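Subject: Handover of a structure and the findings from it

Dear colleague,

I am passing the structure below to you for your studies. Please look through it first and then read the notes that follow.

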Amino acid sequence: HNMMRSVSRPILLRHAHTRALSYLLSWGNKPWERLAQRLKDENVESVYVDRLQRTMGRKVTIEDQVHELEQEILQETASALRRTEDKVNYTLLQLQCKGRDIDKETRDDSRRQLISEFNTLRQEGFNARRDLTIHREACGIRIQNWERTLRLYPIPARCAMDAFKAPIAEPEKRGGGEGGCEN
């Protein structure tokens, strides 16, 4: 009997605590709800009131909150992945433009300088592509991830210091617009 009391007492206390907490979190008991309602009654327009009104009067469950948080995390993950991909694309575009500059340059000393810059950008391209590949893998994109990033973001071969034309690496087409270089 004593064993029954020690088990049921914490359960009863937990239920009482849950009921009290649920009352405190019910409509009108949160300070922000009271403020939002007052401002609504006074016809005050505010983006913050609008945001709060979306949750006022409806029962928000833990599942709703978890779902909302999951969506926010997914959106931020996608945005971060896009920013990482943008870094790769920007570096590869710079590399492509530098290659075009090499192809046009007629003076040997200027061409060697451009080739040196090309080869430095090439290494930055490798680093950016590696970062993207790792980021994709961390986001759960694991099936043929490395192969796909190699195909979509190819890095041209190293340019020899006495070259007159820069090496070119063509990416696999995946839809979207054509890039360009400003000269």
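Contact here means that heavy atoms lie within 4.5 Å of each other. With that in mind, please note also that this is a predicted model.

Overall picture

The protein chain contains six helices and zero strands. Along the sequence, its pattern therefore reads α-α-α-α-α-α. Of its 183 residues, 23% count as buried. The accessible surface amounts to about 13900 Å², and carbon and sulfur atoms hold 55% of that area. Among the contacts with a separation of 6 or more, 56% are between residues 24 or more positions apart.

In soluble globular proteins, nonpolar side chains tend to be buried together. In this model, the largest nonpolar core has 17 residues, and those touching the most other members are Val88, Leu92, Leu95, Ile102, Phe118, Tyr153 and Cys159. Helices α4 and α5 each supply at least two residues of this core, and the largest share, six residues, comes from α5.

Which residues does Cys159 touch, not counting those up to four places away in sequence? They are Ile102, Ile115, Phe118, Asn119, Lys165, Ala166 and Pro167.

Arg111 is found in helix α5. Is Arg111 buried or exposed? Arg111 counts as buried because its relative accessible area is 4%, and the cut-off for buried is under 20%. Leaving aside neighbours within four places in sequence, Arg111 is in contact with Ile102, Glu105, Thr106, Ala163 and Phe164.

Gly99 lies in helix α4. With a relative accessibility of 7%, Gly99 also counts as buried. Apart from residues up to four places away in sequence, Gly99 touches Phe118 and Ala166. The C-alpha atoms of Gly99 and Asn119 are separated by 9.9 Å, and these two residues are 20 residues apart along the chain.

Leu81 is a further residue of helix α4, which spans residues 62-104. Its relative accessibility is 18%, so Leu81 counts as buried. Once neighbours within four places in sequence are set aside, Leu81 is in contact with Leu132, His135, Arg136, Cys139 and Ile141. Leu81 and Cys139 are 58 residues apart along the chain, yet their C-alpha atoms are separated by 8.3 Å.

Helices α5 and α6

Two packed helices are described by the angle between their axes and the distance between the axes. For helix α5 (residues 108-138) and helix α6 (residues 145-152), the axes come within 10 Å and cross at roughly 145 degrees. The crossing of α5 past α6 is right-handed. On the α5 side, the contact is made by Arg129, Thr133, Ile134, Arg136 and Glu137; on the α6 side, by Asn145, Trp146, Arg148, Thr149 and Leu150. By class, this contact has four charged, three polar and three nonpolar residues. Arg136, one of the α5 residues in it, is also in contact with Leu81.

Between α5 and α6 there is a loop, and Gln144 is found in it. Gln144 is not a glycine, although its phi is positive, at about 55 degrees. At a relative accessibility of 52%, Gln144 counts as exposed, because the cut-off for exposed is over 50%.

Yours sincerely

Technical notes. Residues numbered from 1 in each chain as written. Predicted model: local features only at pLDDT ≥ 70, side-chain atom pairs only at ≥ 80, totals over all residues. Heavy atoms only, no water. Axes fitted to C-alpha atoms, helices over the stretch in contact; angles between N-to-C directions. Helix = DSSP H or I, 4+ residues; strand = E, 2+ residues; numbered from the N terminus. Left-handed = near helix turned anticlockwise from the far one by under 90°. Nonpolar A, V, L, I, M, F, W, Y, C, P; charged D, E, K, R; others polar. Buried < 20%, exposed > 50% of the residue type's maximum accessible area, 1.4 Å probe, protein only. Areas by Shrake-Rupley, 256 points an atom, 1.4 Å probe, with all protein chains shown as cover. Core = buried A, V, L, I, M, F, W, Y, C linked by side-chain atoms within 4.5 Å.
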